[in-house]
Amino acid sequence: MITAAIEPNIVGNILKDYMLSLGILQSSLDYIHQHAPCMRFTLLRADHSEVKQFISRPSLKYILRILTGLSVGHEPTQIAIATNTIPVIHMLEQVSSDEHVGTLAENLLEALCSNPETLKKVEDVRNQTRAEKKRLAMATREKQLNSLGMKTNEKGQVTVSINTIEDIEKIKEETGLFCFICREGYTYQPSKVLGIYTYSKRTVLE
């Protein structure tokens with residue numbers, strides 16, 4: 001609360017410089033690097049054991065708030081955080097937790113974005129994550145297409161093999177009950193039970 005209330009002006013920066021000299025910033029960064037999970041890239045699953053253990057630490061949310069308050073309009077703090085901590089903070093901003101660690105991490109990165117030098121580092125890390133997500137999505141898409149006997153050409157267009165077309169032509173139309181979603185019924189899945197969904201609500205009977 002103290003760091004968040006510091007005015008972003010010359011007097012406020014004098015106080016932040018003093019807090020910087022007390023080692024508050026360095027202690028906070030040391031805590032993050034000491035307990036952060038080892039990662040080769042910033043795209044980690046929230047249910048990863050090391051990530052869950054890290055975000056469950058009670059001091060983390062206070063440290064993120066302290067760093068955010070000190071970073072607002074204070075270039076030395078911004079540069080110190082941007083040296084080697086941005087990837088960890090970016091990893092945290094993708095995590096959803098009851099402690100709202102993701103929101104706190106996002107607020108810290110937004111505070112760093114007021115400085116052009118640190119803004120570029122934040123954007124580089126975020127772009128790296130977007131590229132990794134796109135690569136994983138394309139790999140999953142390719143795997144699904146291969147399972148259906150399809151593939152993509154150099155232009156990204158989906159092509160179907162002759163065998164797949166012949167298999168599709170062999171599929172019979174469902175004449176009885178069928179699923180409203182996948183349009184499959186007992187002709188295609190004779191050994192499975194077709195379920196029935198009902199929409200219900202509580203009402204008061206007279």
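Biologist: What do the buried residues of helix 7 pack against?

Modeller: In this predicted model, the buried residues of helix 7 pack against helix 3, helix 4, helix 5, helix 6, helix 8 and helix 9.

Biologist: Which residues of helix 7 are buried?

Modeller: The buried ones are Ile86, Val88, Ile89, His90, Met91, Leu92 and Glu93. That makes 7 of the 8 residues of helix 7, so this helix is largely enclosed by the rest of the structure.

Biologist: Let me step back to the chain. How many helices and strands does the chain have?

Modeller: The secondary structure comes to 10 helices and 2 strands. Read from the N terminus, the order is α-α-α-α-α-α-α-α-α-β-β-α. Of the 206 residues of the chain, 30% count as buried.

Biologist: How should I think about a nonpolar core, and which residues have the most contacts inside the largest one here?

Modeller: The general idea is that in soluble globular proteins, nonpolar side chains tend to be buried together. Here the largest nonpolar core has 29 residues, and Phe54, Leu64, Leu67 and Leu92 have the most contacts inside it. At least two residues of this core come from each of helix 3 (24-35), helix 4 (49-55), helix 5 (60-71), helix 6 (75-82), helix 7 (86-93), helix 8 (101-112) and helix 9 (116-147). Helix 8 gives the most to this core, with 6 residues.

Biologist: Which residues is phenylalanine 54 in contact with?

Modeller: Leaving aside neighbours within four places in sequence, phenylalanine 54 is in contact with Ile32, His35, Ala36, Pro37, Leu60, Val88, Met91 and Leu92. Two of the names in that list, Met91 and Leu92, you have already met as buried residues of helix 7.

Biologist: How do I read the packing of two helices, say helix 5 and helix 8?

Modeller: Two packed helices are described by the angle between their axes and the distance between the axes. For helix 5 and helix 8 the angle is about 20 degrees, and the axes are 9 Å apart. An angle under 35 degrees counts as roughly parallel, and helix 5 and helix 8 are therefore roughly parallel to each other. The crossing of helix 5 past helix 8 is left-handed.

Biologist: Which residues meet there?

Modeller: From helix 5 come Leu60, Lys61, Leu64, Arg65, Leu67, Thr68 and Ser71, and they meet Val101, Leu104, Ala105, Asn107, Leu108, Ala111 and Leu112 in helix 8. This contact divides into 9 nonpolar, 3 polar and 2 charged residues.

Biologist: At what angle do helix 6 and helix 9 cross?

Modeller: Their axes cross at roughly 25 degrees and come within 9 Å. Helix 6 and helix 9 are therefore roughly parallel to each other, and their crossing is left-handed. Gln78, Ile79 and Ala82 of helix 6 make the contact with Glu117, Thr118 and Lys121 of helix 9. By type, the residues of this contact divide into 2 nonpolar, 2 polar and 2 charged.

Biologist: Now a loop residue. Is threonine 85 buried or exposed?

Modeller: Threonine 85 lies in the loop between helix 6 and helix 7, and at 0% relative accessibility it counts as buried. Not counting residues up to four places away in sequence, threonine 85 touches Leu29, Ile32 and His33.

Biologist: And where is glutamine 189?

Modeller: Glutamine 189 is in the segment after helix 10 (162-170). At 25% relative accessibility, glutamine 189 counts as partly exposed.

Definitions and conventions. Residues are numbered from 1 along each chain as its sequence is written. This is a predicted model: local features need pLDDT of at least 70, side-chain atom pairs count only at pLDDT 80 or more; totals for chains, interfaces and linings use all residues. Side-chain values use heavy atoms; hydrogens and water are left out. A nonpolar core is a set of buried Ala, Val, Leu, Ile, Met, Phe, Trp, Tyr and Cys residues joined through side-chain atoms within 4.5 Å. Buried means under 20% relative accessible area, exposed over 50%, partly exposed in between (1.4 Å probe, protein chains only). Helices (H or I, at least four residues) and strands (E, at least two) are DSSP runs, numbered from the N terminus. Contact means heavy atoms within 4.5 Å. Axes are lines fitted to C-alpha atoms, for helices over the stretch in contact, and angles run from 0 to 180 degrees between N-to-C directions. Angles under 35 degrees count as roughly parallel, over 145 as roughly antiparallel, 65 to 115 as roughly perpendicular and the rest as oblique. A crossing is left-handed if the near helix is turned anticlockwise from the far one by less than a right angle, and right-handed if clockwise. Ala, Val, Leu, Ile, Met, Phe, Trp, Tyr, Cys and Pro count as nonpolar, Asp, Glu, Lys and Arg as charged, and the others, Gly among them, as polar.
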